[in-house]
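The following exercises are meant to be worked through with the model in view. Each task is followed by a solution in steps.

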Amino acid sequence: MQKKIFSLLVVALFSHVSFSSGAYANPTSLSDLDLLVDVGRMQAEAEEDMDRSFEAIKYQMTTASPGEKMDADAAYNLGAYYDFGERGFQNAVEAAKWYALAAGEGHAKAQSALGLFYNNGIGVAKDLAKAAELYRLAAIQGDDVAQLNLGVMITRGEGVPENDLGGLMLMGLAARGGNQLAKENLVMAGIDHTDLKFEELLDTCIK
């Protein structure tokens with residue numbers, strides 16, 4: 001099969017509040033001014049809530065007793081805050097550490113996120129084999145981002161033996177789950193993921 005160039009999906013795995021940095025129009029009336037004040041107050045309160053949530057999660061995770069079961073969701077959220085955090089919280093090394101703790105508990109999104117870190121050498125030494133294994137663990141749990149990224153690696157033969165069909169099948173799974181970039185990568189390979197023959201092949205491989 002002709003070699004294709006696919007792209008890895010880089011996604012924000014953590015939802016957080018964001019605000020426009022654009023300038024507001026000059027107020028033309030008292031009611032306009034009141035509205036701007038209200039907007040400013042809501043923005044400040046939301047940012048304070050983000051900071052409090054971050055500190056609460058961090059306190060919870062760092063004060064847990066050695067025998068206490070890891071809260072994988074909290075560890076993942078803390079990792080994501082360091083991954084995408086604002087106002088000085090962003091720290092790739094810390095993000096990788098907390099993602100790893102959550103990934104060790106089988107957290108699919110953390111495994112997928114940490115796989116991306118190893119894939120690109122973000123906060124950790126680049127290790128394609130490790131990235132592929134983390135993607136595999138997350139893909140088994142149905143994470144479409146991991147399915148796509150592992151499919152790309154398999155198609156390229158990065159960190160794993162090259163296998164065009166296996167890679168395309170994984171992209172097909174991601175596309176079936178609604179992953180738009182997986183659909184675009186399949187189109188680049190000349191494949192319509194909704195084609196009946198491809199669907200039948202995909203179902204056969206799954207079975």
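**Exercise 1. A residue of helix α6**

Task: Decide whether V145 is buried or exposed, and state where V145 is placed.

Solution. The model used throughout is a predicted one. Step 1: the relative accessibility of V145 is 10%. Step 2: a residue is buried when its relative accessible area is under 20%, so V145 counts as buried. Step 3: V145 is placed in helix α6, which covers residues 144–156. Step 4: the C-alpha atoms of V145 and L181 are 9.1 Å apart in space, although 36 residues separate the two in sequence.

**Exercise 2. The chain as a whole**

Task: Describe the secondary structure of the protein chain and the share of its residues that are buried.

Solution. Step 1: the protein chain contains 9 helices and 0 strands. Step 2: along the sequence this reads as α-α-α-α-α-α-α-α-α. Step 3: of the 207 residues in the protein chain, 38% are buried. Step 4: consider contacts between residues at least 6 apart in sequence; 52% of these join residues at least 24 apart.

**Exercise 3. Helices α3, α4 and α5**

Task: Determine how α4 is oriented relative to α3 and relative to α5.

Solution. Two packed helices are described by the angle between their axes and by the distance between those axes.

Step 1: α3 (residues 92–104) packs with α4 at an angle of about 140 degrees, and their axes are 8 Å apart. This makes α3 oblique to α4. The crossing of the two is left-handed. On the α3 side the contact is made by A92, A95, A96, Y99, A100, A102 and A103, and on the α4 side by A110, Q111, A113, L114 and F117. Sorted by class, these comprise 11 nonpolar residues, 1 polar residue and no charged residues.

Step 2: the axes of α4 (residues 108–120) and α5 (residues 128–140) come within 8 Å and cross at roughly 160 degrees. Angles over 145 degrees count as roughly antiparallel, and α4 is therefore roughly antiparallel to α5. This crossing is left-handed. Residues of α4 that meet α5 include Q111, L114 and Y118, and their partners in α5 include L128, L134 and Y135. By class, the contact of α4 with α5 has 10 nonpolar, 4 polar and 1 charged residues.

Methods. Residues numbered from 1 in each chain as written. Predicted model: local features only at pLDDT ≥ 70, side-chain atom pairs only at ≥ 80, totals over all residues. Heavy atoms only, no water. Axes fitted to C-alpha atoms, helices over the stretch in contact; angles between N-to-C directions. Helix = DSSP H or I, 4+ residues; strand = E, 2+ residues; numbered from the N terminus. Parallel < 35°, antiparallel > 145°, perpendicular 65-115°, else oblique. Left-handed = near helix turned anticlockwise from the far one by under 90°. Contact = heavy atoms within 4.5 Å. Nonpolar A, V, L, I, M, F, W, Y, C, P; charged D, E, K, R; others polar. Buried < 20%, exposed > 50% of the residue type's maximum accessible area, 1.4 Å probe, protein only.
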